[in-house]
Amino acid sequence: MTPAVDIRGLARRFGAIDALAGVDLCVAPGEFFGLLGPNGAGKTTLISILAGLTRADRGSVRILGHDVVADYRVARRLIGVVPQELVFDPFFSVRETLRIQSGYFGIRDNDDWIDEILHHLDLTSRADANMRALSGGMKRRVLVGQALVHKPPLIVLDEPTAGVDVELRQSLWAFIRKLNTDGHTIILTTHYLEEAEALCGRIAMLKAGRVVALDTTRNLLARFAALTVRLSVARVPAAWQPRVLREAGPLRWLGLTTYAELEELLAALRRDDIRIDELALTETDLEHAFVRIMADPVAA
Amino acid sequence: MSAPLGALTGYGWPTLLYKELLRFWKVSFQTIAAPILTALLYLMIFSHVLSSRVAVFGGQVSYAAFLIPGLVMMSVLQNSFANTSSSLIQSKITGNLIFVLLPPLTPGGFYAAYVLAAMARGLAVGLGVLLVTLWFAPEVAALAHPAWVILFALLGSLILATMGVVGGIWADKFDQLAAFQNFIIVPLTFLSGVFYSIHSLPPVWQAASHFNPFFYMIDGFRYGFFGLADVPPLRSLAIVGVFAVVLVGVTLNLLARGWKLRH
């Protein structure tokens with residue numbers, strides 16, 4: 001089956017910085033795929049190359065078999081991108097914006113689909129409002145609508161829920177989930193890792209322009225299946241220092257593999273006469289996996 | 001929900017053209033009425049102050065009549081440039097240019113849409129200036145060579161609209177675009193013979209005027225009104241035509257390479 005996205009040896013350098021340093025990635029049709037990484041990891045550069053906004057120095061990107069440079073006219077019809085920045089054209093209303101965006105793809109008389117988009121994005125009552133009159137969350141939803149006007153089989157969402165309140169975020173995700181169920185391939189970048197954990201079937205983590213982890217969400221969580229204990233202590237026994245994941249003032253997060261290790265840690269603290277002011281225990285979630293992968297020097 | 005590719009094979013540039021036309025039409029007081037008023041003020045002031053002091057074409061044409069085609073062409077040129085350049089820089093700075101860059105528009109389609117809309121605005125303003133200034137010199141309406149008037153208006157607006165595309169894409173901030181406009185476009189326009197015949201200039205400035213492509217645009221345009229010109233009209237047509245072809249070619253090449261648009 002032709003991959004929805006086929007990225008091979010993709011590299012892009014900006015001055016002295018390798019934004020992408022040889023990325024290989026394959027996304028199957030119908031996947032809900034997460035692209036995670038800290039700021040500057042190369043996520044937006046990757047999406048920009050996918051969308052034809054940025055040119056790669058090396059490597060190739062194909063969308064459903066169509067090269068994004070050599071065959072750009074077909075490739076761009078197959079992808080809908082929700083950009084990260086909250087941008088809009090102040091001259092037009094919501095409906096005009098969506099009609100114009102349809103027209104750019106050569107689609108006239110698209111009002112039935114536009115009405116459906118407006119309905120799903122809860123924008124029907126604001127269809128004739130000027131873009132300037134909308135709240136940030138509404139503008140964000142119009143951006144989602146603009147990415148969908150040409151019914152692309154691949155939808156890329158670059159941090160689409162930033163600045164959107166919880167209720168609207170839920171309805172937005174319900175709509176995106178429906179699109180995925182209908183067969184659309186979704187690529188998502190987000191800083192809300194619990195969102196990626198709940199939605200994405202597979203996740204790639206980028207760091208300094210390289211893929212440092214690529215697996216199903218379930219496997220990634222299983223790989224780091226463990227406990228994280230948060231302690232408020234003056235210090236940590238020297239033998240346990242390598243297990244410290246994070247420090248913030250007196251708070252220290254330590255990674256444990258089993259509950260038995262927790263007992264050993266508490267015993268070590270008692271032996272060194274270190275008083276525990278606070279203790280909290282959590283099971284690994286995607287955020288912990290993310291933190292540990294990003295902290296791994298091998299992944300640097 | 002996915003539409004088959006066959007349903008999506010239409011062209012997008014007519015929509016971009018429509019959007020650009022709508023953009024200036026929605027603020028037509030600023031984009032059309034204001035430049036017409038400015039040109040009218042130029043005519044009233046300059047013709048009042050200079051009509052008794054300046055003789056043009058050996059006195060065959062009144063100064064007010066001479067001034068009108070110059071002001072019409074100046075308005076066409078400046079507004080054609082303003083439309084493409086301001087639209088592009090606004091879209092770049094606000095970030096909404098991405099909506100035009102994401103769809104499968106070709107470089108030629110992108111160019112055609114922006115330039116045709118700018119030409120429409122330039123020509124609309126030019127026509128407006130002509131209509132409101134005719135009252136001062138009705139003899140201007142008796143066009144000697146209407147085809148030349150139309151041809152030079154089209155070529156002039158095409159050239160300046162194209163320069164606006166280049167300026168709008170080149171500039172990263174409004175300040176840079178203002179410099180492009182105020183230090184290149186405005187001087188070349190003002191020193192092109194809008195307000196005077198180059199025969200009234202000292203020899204050095206006369207010679208310098210021959211290196212100003214805007215001079216040929218205005219002189220050829222004026223020939224269409226009066227059948228009189230400072231240089232042979234065919235020479236003006238040749239120079240303006242070659243300038244247009246080279247400029248359009250260079251601009252299309254820049255767009256095809258994604259210069260300053262696709263990094």
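Predicted model: local features only at pLDDT ≥ 70, side-chain atom pairs only at ≥ 80, totals over all residues.
In chain A, 4 strands make up an open sheet in the order β2-β1-β4-β5, with antiparallel pairing. Strands here are DSSP runs of E with at least two residues, helices are runs of H or I with at least four residues, and both are numbered from the N terminus. Two strands count as paired if DSSP finds at least two bridges between them. Because β2 (17-27) and β5 (66-67) of chain A stand at the edges with a single partner strand each, one side of each has no neighbour in the sheet.

Residues are numbered from 1 along each chain as its sequence is written, while chains are lettered from A and ligands numbered from 1 in the order in which they are written.

Within the sheet, strand β1 (residues 5-14) of chain A is joined to β2(A) by 8 bridges, and the two run antiparallel. A:L10, for instance, has A:V23 in β2(A) as its bridge partner. In general, strands of a sheet pair through backbone hydrogen bonds, either parallel or antiparallel.

I turn now to chain B. The axes of helix α3 (residues 63-94) and helix α6 (residues 146-170) of chain B come within 7 Å and cross at roughly 30°. Axes are lines fitted to C-alpha atoms, for helices over the stretch in contact, and angles run from 0 to 180 degrees between N-to-C directions. The crossing angle therefore makes α3(B) roughly parallel to α6(B), a term for angles under 35 degrees, whereas roughly antiparallel requires over 145. The residues of this contact divide into 13 nonpolar, 10 polar and no charged. Ala, Val, Leu, Ile, Met, Phe, Trp, Tyr, Cys and Pro count as nonpolar, Asp, Glu, Lys and Arg as charged, and the others, Gly among them, as polar.

How do α3(B) and helix α5 (residues 107-133) of chain B cross, and at what angle? Their axes come within 8 Å and cross at roughly 150°, so the two helices are roughly antiparallel. Their contact has 14 nonpolar, 9 polar and 1 charged residues.

Finally, the contact between the chains takes 31 residues from chain A and 28 residues from chain B, where contact means C-beta atoms, placed from the backbone, within 7 Å. On the side of chain A that touches chain B, α2(A) gives the most, with 5 residues.

Conventions:
Contact = placed C-beta atoms within 7 Å. Parallel < 35°, antiparallel > 145°, perpendicular 65-115°, else oblique.
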